[in-house]
Amino acid sequence: MIKGQKSVRNGIEDFLCPFTDMYISQGSNGSYSHKGIMANDVRGLQAGVRYPYYAPCTCKCIRTYPSSGQVMWQSVNKVRFANGRVDYATFMTVHDNSMDAKVGQVVEQGSQLGNMGTKGNATGVHCHIEVSQSADTSWIKNQYGIYHFNNEYDLDDCYFVDNTNILKGMGGNWRTTKDVAVQETSINNIEIVDQILHVGSKVKFDGIFKVDILKSPLSSNLFGCCQLTGCSYNSYKTEQVKSHHWIPTSDFIEVDKNGHVTSDQVLSGGNSYVLNKNVYEVKDIDTKTNSAKLNINGRDVWVFSTFLYEVSNN
Ligand SMILES: [Zn+2]
């Protein structure tokens, strides 16, 4: 990226490569100080020059380690990574001789974050960087005694290289934002908002779902959908599932595999497909299972958030 660059799609910042010129002098899982960790040491166009680097997303200073010019940053909101994941970014930058970040300080995407340097245990001017695709700020030693994050990803799965000159890329699968398409900004003229669900978000079901089993007696008008709830067919069958995993049929329309409405509208377990065009309000969120609680026809149901898309309140 270059100074001042921003990239936001559907209200979510793309996590950009902080460097304008990227020469990787030590890659992930290197034999030396990167053993078992997903870190890169990056220098710029000329060796020995303390080039600036920029905030890959709008981020907050979580912790500083002045003796090594080191800062732990975390994205203020969830961001989009080069592997398509949307999550918080927690990342470390190291060796900045002029490090002046303060805990709590927020830096806007594209503003200067620091300078490459030699502070701490560094060989030559560079920035050591590693990224966790999570909000976990644990900074822990691995079996080789080297500090790292949980949920670290290789850097080519983390940042988009729009406007970065790759001088030495270590064979990484470097992607730009053009390589990672995002969902349309409007479906049925309803604007999609940030897609980060919270209590009160308005959502619609995204897709066609298979009816795996009908609850007996059939007059209960409830069905089980393994894809939406994560429950297995067998657990539905043996009634091991919680009651909130049975979904009322009332708001669903039977369709064939291609989404065409069927004439009979009589569901059968294992054969029918359904879709739902209604808008629901999220009643609760479970971040552990990434599920949202919706009230469908008077019944609280937990479904995976990934099959919902957020729509605007209008
Ligand atoms: Zn390093």
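P217 sits in the loop that links β21 (213–214) to β22 (222–224), and a cis peptide bond ties S216 to P217, with omega at about -5°. Keep in mind that this is a predicted model. Its mean pLDDT for the chain is 92, with 96% of residues at 70 or more.

**Layout and confidence**
- The chain splits into domain 1 (8–179) and domain 2 (186–311), and their C-alpha centres are 39 Å apart.

**A three-stranded sheet**
- β20, β25 and β24 line up in that order as an open sheet with antiparallel pairing.
- β20 (209–210) and β24 (253–255) are the edge strands, each pairing on one side only.
- Two bridges connect β20 with β25 (residues 273–275), and F209 has V274 in β25 as its bridge partner.

- Most residues other than glycine have a negative phi, and most peptide bonds are trans.
- Q265 isn't a glycine, yet its phi is positive at about 55°; you'll find Q265 in the loop between β24 and β25.
- Q265 counts as partly exposed because it has 13 C-beta neighbours inside 10 Å.
- N290, also not a glycine, has a positive phi of about 55°, and N290 belongs to the loop between β26 (280–286) and β27 (291–296).
- With 12 other C-beta atoms within 10 Å, N290 is exposed, since the cut-off for exposed is 12 or fewer.

Note on methods
Residues are numbered from 1 along each chain as its sequence is written. This is a predicted model: local features need pLDDT of at least 70, side-chain atom pairs count only at pLDDT 80 or more; totals for chains, interfaces and linings use all residues. Domain bounds come from an automatic or database domain assignment. Two strands pair if DSSP finds at least two bridges between them. Helices (H or I, at least four residues) and strands (E, at least two) are DSSP runs, numbered from the N terminus. pLDDT is the predictor's confidence in each residue, from 0 to 100. A residue is buried if 20 or more other C-beta atoms lie within 10 Å of its own, exposed if 12 or fewer, and partly exposed in between; C-beta atoms are placed from the backbone.
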